[in-house]
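Have a look at the sequence and the model first.

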Amino acid sequence: MGALDGLKILDFTTLLPGPYATLMLADMGAQVLTVSARDRLDLARHAPPMAPGTQTSANQAWLGRNKKTMFLNLKHPSALEIVGKLIMRYDVLMEQFRPGVMAKLGLDYQRLQVLNQRLIYCSITGYGQYGPLRDRAGHDINYLARSGNMSYSGRRQTGPVLTNMQVADIASGSLHAVISVLAALNHRHVTGLGQYIDVSMLDGAMAFNALDSAAFLASNIEPQREGRMLNGGSAYDFYETKDGHYLSVGSLEPQFWREFCLCIGRPQHIEGTVMPDKLDEVKTDIRAVIKSKTRDEWLEVFAGKDACVEPVLSLSEALLHDEHNLARGMTVEVEMPLHSKLKIRQVGSPLKLSNCPVCYKHAGYPLGHHTREVLDELGYSEAAMDDMEKHGVF
């Protein structure tokens, strides 16, 4: 039994934030139905490569894992009737349109909660449902920039740098949506009432300033690039090895710093701590030492040592060869639906629950696959469905 067995989620989201949020919920047993438009391009779900031996993209096979999927043209009056019937059967609606779009379609919370007072309605947007920027388009880079995080990230000489991690999309959008939905479910368990959830990816990115925001608000001193312990203003950093790979050195505490210095043969740096007075000189020395050996040679030196030093792995190393990641089940094989003999490798769920572990029932179906099945469950006849398809309802 999954942790969320019995929970039914209607998913109108696209791209990454919403689909990843509902993926996490689906992996925990929630029944997720993804509703999308047949003719709307989704840069995440439609992007190549395809899952081997299928016409389903690898992204859809992942983001659609454990979900059902149907097509609906939400601009068609008959589609609104269908959504109204679905709302009576579902617990949560998640959407990712710009503010006001669902209201124009007649699918805003105020109208739908009349049909189902227990409905939990979660909207994920870049800037939230209110505020001067509510209608502005944006992407991950924009939220990280406007939050202040990028003003002291990167290097003094180069400025902010791209990480290729969708930090605001996933950590702000997806995770805060999941947290909020689970909180609202508990509230509904107590009161019997649903509610509206406004998730802003910029809000979440603001919270990522964390310790630096607390320090600034108390002192009014702006953090600078390479001026803080964790952004290059200490020996906590990446160092290139002889063979062009890198080590991450996170030896912040005295005991870890001491072990690191002894391992690299520089006991003279121990007293200065990870934030020495002559930081540039110390880091120049460390860079030279680390570059004297290959990554694997350094891994032998640090093997069994408590120094908070780890290699920078390639994606293939992390997903396919790292013993720890494999032991934790972070790469899994999932059966492709409609192709019983085919399996696809995917990133596993980070959620580890002892009594109700996540389950990988199947990879994502082709978009729209369950349209007629869902309509049949709602009581529509084959003739009615044929007519709907003819008139562009789906």
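Q: What makes Leu 279, Val 282, Lys 283, Ile 286, Val 289 and Ile 290 of α11 count as buried?
A: Buried means under 20% relative accessible area, with exposed over 50% and partly exposed in between (1.4 Å probe, protein chains only). These six names in α11 fall in the buried class. They cover an arc of only 120° around the axis, so they sit on the same side of α11; the arc is that of the directions from the helix axis to the C-beta atoms.

Q: What sort of model is this, and how are residues numbered?
A: It's a predicted model: local features need pLDDT of at least 70, side-chain atom pairs count only at pLDDT 80 or more, and totals for chains, interfaces and linings use all residues. Residues are numbered from 1 along each chain as its sequence is written, and side-chain values use heavy atoms, with hydrogens and water left out.

Q: What covers the buried residues of α11?
A: The cover includes β7 (237–240), β8 (246–249), α10 (254–263) and α12 (295–302). Turned away from the buried side, the face of α11 carries the exposed residues Asp 280, Glu 281 and Ala 288.

Q: Why is Ser 354 called exposed?
A: Because its relative accessible area is 71%, and exposed starts over 50%. Ser 354 lies in the loop between β11 (343–347) and α15 (371–377).

Notes. Helix = DSSP H or I, 4+ residues; strand = E, 2+ residues; numbered from the N terminus. Contact = heavy atoms within 4.5 Å.
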